[in-house]
Amino acid sequence: MTRSLVPVPCPVCAEKQNHTPGDFDPDHEPFGPVGCLVCGHQFSSGEYKSALQQALRELEERRRKPGTSH
């Protein structure tokens, strides 16, 4: 795996309950599979990578804020 993974919101239902195989790597080709455990949506590579980058930015921002525990 080439980067940290965190739960990302589903573009259909917005839930952050992702299902990935144990050896999942977002940079591997062919991509996937990544699915939403709530609605069953199967992420495209672009959907997942975009959501992952946003989730990692948000996590980093929370870590920088004083008084937060992450």
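## Order of elements

Helices (H or I, at least four residues) and strands (E, at least two) are DSSP runs, numbered from the N terminus.

This is a predicted model, where local features need pLDDT of at least 70, side-chain atom pairs count only at pLDDT 80 or more, and totals for chains, interfaces and linings use all residues. Residues are numbered from 1 along each chain as its sequence is written, and side-chain values use heavy atoms, leaving out hydrogens and water.

## Overall dimensions and surface

Taken along the principal axes, the box filled by the C-alpha atoms is roughly 40 × 25 × 20 Å. The accessible surface (Shrake-Rupley method, 1.4 Å probe; for residues, only the protein chains shown count as cover) is about 4700 Å², and carbon and sulfur atoms hold 50% of that area.

Of the 70 residues in the chain, 23% are buried, meaning under 20% relative accessible area with a 1.4 Å probe, protein chains only. As for contacts (heavy atoms within 4.5 Å), 41% of those between residues at least 6 apart in sequence join residues at least 24 apart.

## A look at Val 34

Let's zoom in on one residue. Val 34 sits in the loop between strand 1 (18–19) and strand 2 (35–36), and it counts as buried because its relative accessibility is 0%.

Beyond its neighbours within four places in sequence, Val 34 touches Asn 18, His 19, Thr 20, Phe 24, His 41, Gln 42, Phe 43 and Tyr 48. Pro 66 is 32 residues from Val 34 along the chain, and their C-alpha atoms are 33 Å apart.

Definitions and conventions:
Buried < 20%, exposed > 50% of the residue type's maximum accessible area, 1.4 Å probe, protein only.
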